Amino acid sequence: MTARQEQAYYQDTYLTESPATVIAAGTSDGGGERWVAVSPNIFHPKGGGQPSDEGTVDGAPVAPARDDAGVVVLSGAPATLEVGSAVVCSIDADRRRLHAALHTAGHILGALGEARGWQHSGHSHFPAQARLDFDPEGHEEELATPESREAVRAELQAGMDAALARGGSVTATLDETGHRTVTIEGVNSEPCGGTHVRSLADLAKVRILEVKVKRGAIKVRYEAEHA
Ligand SMILES: [Zn+2]
């Protein structure tokens, strides 16, 4: 892989259609399926708890994935594409917006959990199964009964509602080594490679659904939509 790939999704969550140039191409060993890497790249590959985008290259449905070198590769591309080919890429805009909303709400929930002294231990931002996990050690008592867990859930919802009522911008910076930091104004900054909304005003129907302790983790399920 020679030419450098510009990750357009790092800069603009809402860029869902873009011309691009093929910077690498090949055929998979087994099925003979054509794959390409393009730049600029608008496809978010699965990673960091966020599902991959769905979309097309020149109208052909492709599956994005990150290769070992960190390049986003698109499988299922038209067989005629070669390095240097000009293409048009398109992704499912509704899916992208939903992923960005869930992901951004997850950052806020993570900050609310950490404000309680919980240690973040895992997350999924997949639609209908979005949740954050925290280490329960030292917090068994506050989560011991259904009533206490419901009280914690209500507190997290109140914290979420307050953060959204205050509002704030969501921005990202990329350093020379490629490390990206996402900042939610008034909430926190953390390293992240996902897609996010522009402003907390873009979030709607953010609901903390449940707090439970299961398999050695505090699991907080939530949902969110793009406004
Ligand atoms: Zn993120």
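Author: Let us begin with a definition: axes are lines fitted to C-alpha atoms, for helices over the stretch in contact, and angles run from 0 to 180 degrees between N-to-C directions. Helices (H or I, at least four residues) and strands (E, at least two) are DSSP runs, numbered from the N terminus. This is a predicted model, in which local features need pLDDT of at least 70 and side-chain atom pairs count only at pLDDT 80 or more, while totals for chains, interfaces and linings use all residues. Residues are numbered from 1 along each chain as its sequence is written.

Reader: How is the packing of two helices described, and at what angle do the axes of H2 and H3 cross?

Author: Two packed helices are described by the angle between their axes and the distance between the axes. Here the axes of H2 and H3 cross at roughly 125 degrees and come within 10 Å. Angles under 35 degrees count as roughly parallel, over 145 as roughly antiparallel, 65 to 115 as roughly perpendicular and the rest as oblique; H2 and H3 are therefore oblique to each other.

Reader: Which residues of H2 and H3 meet?

Author: Residues are in contact if their C-beta atoms, placed from the backbone, lie within 7 Å. From H2, Ile-108, Leu-109 and Leu-112 meet Leu-156, Gly-159, Met-160 and Ala-163 of H3.

Reader: What should I note about H2 on its own?

Author: The expected span of a helix is 1.5 Å times one less than its number of residues. H2 covers residues 93-115, 23 residues in total, and its first and last C-alpha are 33 Å apart, close to the expected 33 Å. After H2 comes Gly-117, with a positive phi near 90 degrees.

Reader: How do strands pair, and in what order do the four strands of the open sheet lie?

Author: Strands of a sheet pair through backbone hydrogen bonds, either parallel or antiparallel. Two strands count as paired if DSSP finds at least two bridges between them. In this model the order of the open sheet is S7-S8-S13-S12, with antiparallel pairing. Its edge strands, S7 (119-124) and S12 (203-214), each pair on one side only. S12 is joined to S13 (residues 217-226) by nine bridges, and Glu-210 stands opposite Arg-221 in S13.

Reader: Where does H2 lie relative to these strands?

Author: H2 lies across S7, S8 (131-135), S12 and S13, and runs at about 140 degrees to S13. H3 (residues 146-166) lies across S12 and S13, at about 155 degrees to S12.

Definitions and conventions. Contact = placed C-beta atoms within 7 Å.
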